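Please look through the model below before reading on. The points that follow go with it and can be checked one at a time.

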Amino acid sequence: MEQRKAEIAAKKAKLAEIKRRNQERQQSLSNSRRSPDLTSPHPRSYNNRQSIEDLVTILVGERPSSTGPGGIRGSRPGSVVSVAESGISEAPSPTIHSLSGLTMTSGMATDGTLLTLQNISAAPLTVLYDEPPSPVREIVTYSKEVQTSEAWTEADGEDDEKVSCKTDEELRERIRLEIVEELKQLKVTDSEEQDEKTDGTANGGFFVRELSDEEKTAITASEEFVDFIERSSKVVERALDMEYDVLADYGLGMNGEDEEQAGRKLKEVAQFYDERWSKKRMISDINYSPKFPELLLASYTKNPSAPHDPDGLVQVWNMHLHDRPEYVFHAQSDVLTARFSPFHPNLIVGGAYSGQVLLWDTRAKSQPVLKTPLTGSGHTHPVYSVSVIGTQNANNILSCSTDGVVCGWTVDMLAQPQELLELTTPAPSKTDDLSPICMAFPHSDPTYFLVGTEEGTIYPCHRYDRAGAKAGVEPRIAYKGHAGPVMSVDFHPVRGPVDLGDLVLSSSLDWSVKLWKARPPAASTTTANGTPQAATPIMEFSREDVVYDAAWNPTKPGVFGLVDGAGQLEIWDITMDTEVPIAKATPSSRVGATHLTKSLNKIAWEEHDGKRVAVGGLDGMVTVFEVAMDPPRNEEWASVKRLVSRAEGAVPGK
């Protein structure tokens, strides 16, 4: 904009300069007309004819033949002749006027009189230029200034003056019209820029256009739009889930209800159930995320009344998103077990009723990203237990099924197992068949594990050959004590000053939970007749119903929880009491639930602080309880160690 204004100002200055030059030229022309020497010359005749001829010869050169083809050949117009050659003192340069074939030569004599000679010739006038053309070619460039077809030279006649005046008037008028047009355009541009600035300020720099109905339908039906709404709505719901009493009065004492809540050890904080996916499905496993404490998963069996829905299901729930799951993953068969990978927070490993090991990724779609084939080497029976064992850089998936096979898989390839271990019952058993239901690894040794079987015996197993023992079931010892199928086996977490990693908790359908002291593989011995030594539990907790699952608390050394067929959640602390639980609770019943769906199948502790426990059962609902416990103290570990030593000494045969 400033450049345009500068160009207009330059044109105005140019116009003023042209006007000034025209005025000066007109004034000089009028002065020349009034001069007596130019307006009324008095030619004089010369008596001496020879002197005139000599003067003409000096001024215009030798007279050529009138019949020659070259015509008149003379000196260059405007050329300067020296005084020595002309013989005329201080004579000005001659001027040649060519008017309709009449050549007039005028000059000044020594006495100052004007000499006028006339020579009429019919030949054309030819002017020879002595100066050769310039070797440098003239470069003509376009300039955005006033372009004229006539040179600005002074004219000597009335016609030249009229043409010059007419040209000046036309040029002046044209420049005036250009300036007016540019000013109009400048105003229009300013108004458009102002409108654009206003629109940009109001609409963020974009022009608003109303979408048609077809465009709206296409956008709302696109997969990208649906995914965006799904993610955005979850973010909003999580942000709105902020439970805070803004009217709390901290100056008042506790009322009766608060005292009752403070005295309770268990408080129900959340329940997760989805009408679309959880209906008529049974929970088969629950697991908390080791990376994100607010996430937990639940695996489900099939819905008999929905044959077109996927048989297996895994739902990832968020503690801040109660109405719907964070993720939903599908499987072609019932999912019997599932857990988060401790080394890859985005991966979920599961075992199916079809014998497949499945791998889901929270960054992908609902279908498994990897799964084992139905044919070939692997499992042929349902997979009831999976574990991810190893380190961050070297880890494997271990799975066991009721066909007595334990397989080891790498995370990036499930086409065939990297390890295949067939478990058989050690002698003197009547049959070699061994059907493991559950599996547990100690935290200190990833090559050694325990399996709980359908016949009620817990067997130690080795993944590899070692000194004095081959890979497979350890033949020198077996943990016998349960009269029914063993539903769960859990090693004590090692997180304290005292090593309690050899304590094992097991639950069974014989209505009991038993505490074992697992022996290291090197310390196992056999009896005199070669039969395996039978280890007995050091402590037993009898219940009023079948116990489906039991698990240690990750932070308190003497605390564990269990769930039974009656729908009860019990919290035990062996440092306080070994006869009765310290807390007991039942999840709130869902509308429409019956007595037959009260049974609880699985229990899982939150691994970071151990203050939350999740349970689930036949009704497909996940319930989260908050456990009121004091932080663990160092003396609690020593107390558990002393209790175990006393109980071990009281066991017969020790």
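The numbered points below cover a sheet, the cysteines, the aromatic rings and the salt bridges.

1. The model is predicted. Each point below should be read with that in mind.

2. Begin with the sheet. Four strands make up an open sheet in the order β15-β16-β17-β18, and their pairing is antiparallel. Strands β15 (383-390) and β18 (419-422) are at the edges with a single partner strand each, so one side of each has no neighbour in the sheet. On average, neighbouring strands of this sheet are turned by 15 degrees against each other, direction ignored. As background, strands of a sheet pair through backbone hydrogen bonds, in either a parallel or an antiparallel way.

3. Strand β17 (residues 405-409) and β18 run antiparallel and are joined by four bridges.

4. How many disulfides does the structure hold? The count is zero. A disulfide is a covalent bond between the sulfur atoms of two cysteines. For C438, the closest cysteine sulfur is in C400, 7.5 Å away, which is too far for a bond, since the cut-off is 2.5 Å. C461 is in no disulfide either, as the nearest cysteine sulfur, again that of C400, is 9.3 Å away. C438 counts as buried, at 8% relative accessibility, and C461 is buried too, at 0%.

5. Next come the aromatic rings, where nine aromatic pairs are found. In one of them, F541 and F560 are tilted, with 5.2 Å from centre to centre and 55 degrees between the planes. F541 belongs to strand β28 (residues 539-542) and F560 to strand β30 (residues 559-564), 19 residues apart, and the pair links distant parts of the chain. Both F541 and F560 are buried.

6. F560 has a further ring partner in W552. The ring centres of W552 and F560 are 5.9 Å apart and the planes stand at 75 degrees, so this pair is edge-to-face. The relative accessible area is 4% for W552, which is buried, and F560 counts as buried at 0%. One aromatic cluster is formed by F541, W552, F560 and W572.

7. A ring can also face a charge. The charged end of R276 sits over the ring of W277, at 4.0 Å from the ring centre.

8. The whole structure has 26 salt bridges. One of them joins K11 to E182, with 3.6 Å between the closest N and O atoms. Salt bridges with shared partners join R4, E7, K11, E178 and E182 into one network.

9. Another salt bridge is formed by K365 and D227, whose closest N and O atoms are 4.0 Å apart. K365 lies in the loop between β13 (357-361) and β14 (370-371), while D227 lies in helix α7 (residues 223-240), so the pair ties together parts 138 residues apart in sequence. K365 is exposed, at 53% relative accessibility, whereas D227 is partly exposed, at 29%.

10. R463 pairs with E419, and 2.6 Å separates the closest N and O atoms. E419 is in strand β18 and R463 in the loop between β21 (457-462) and β22 (472-473), so parts that are 44 residues apart in sequence are tied together. R463 counts as buried, at 10% relative accessibility.

Definitions and conventions:
Residues are numbered from 1 along each chain as its sequence is written. This is a predicted model: local features need pLDDT of at least 70, side-chain atom pairs count only at pLDDT 80 or more; totals for chains, interfaces and linings use all residues. Side-chain values use heavy atoms; hydrogens and water are left out. Two strands pair if DSSP finds at least two bridges between them. Helices (H or I, at least four residues) and strands (E, at least two) are DSSP runs, numbered from the N terminus. Axes are lines fitted to C-alpha atoms, for helices over the stretch in contact, and angles run from 0 to 180 degrees between N-to-C directions. Buried means under 20% relative accessible area, exposed over 50%, partly exposed in between (1.4 Å probe, protein chains only). Rings of Phe, Tyr and Trp (its six-membered ring) pair if their centres lie within 6.5 Å; planes under 30 degrees apart count as stacked, over 60 as edge-to-face and the rest as tilted. A charge sits over a ring if NZ of Lys or CZ of Arg is within 6 Å of the ring centre and within 35 degrees of the ring normal. A salt bridge is a side-chain nitrogen of Lys or Arg within 4 Å of a carboxyl oxygen of Asp or Glu.
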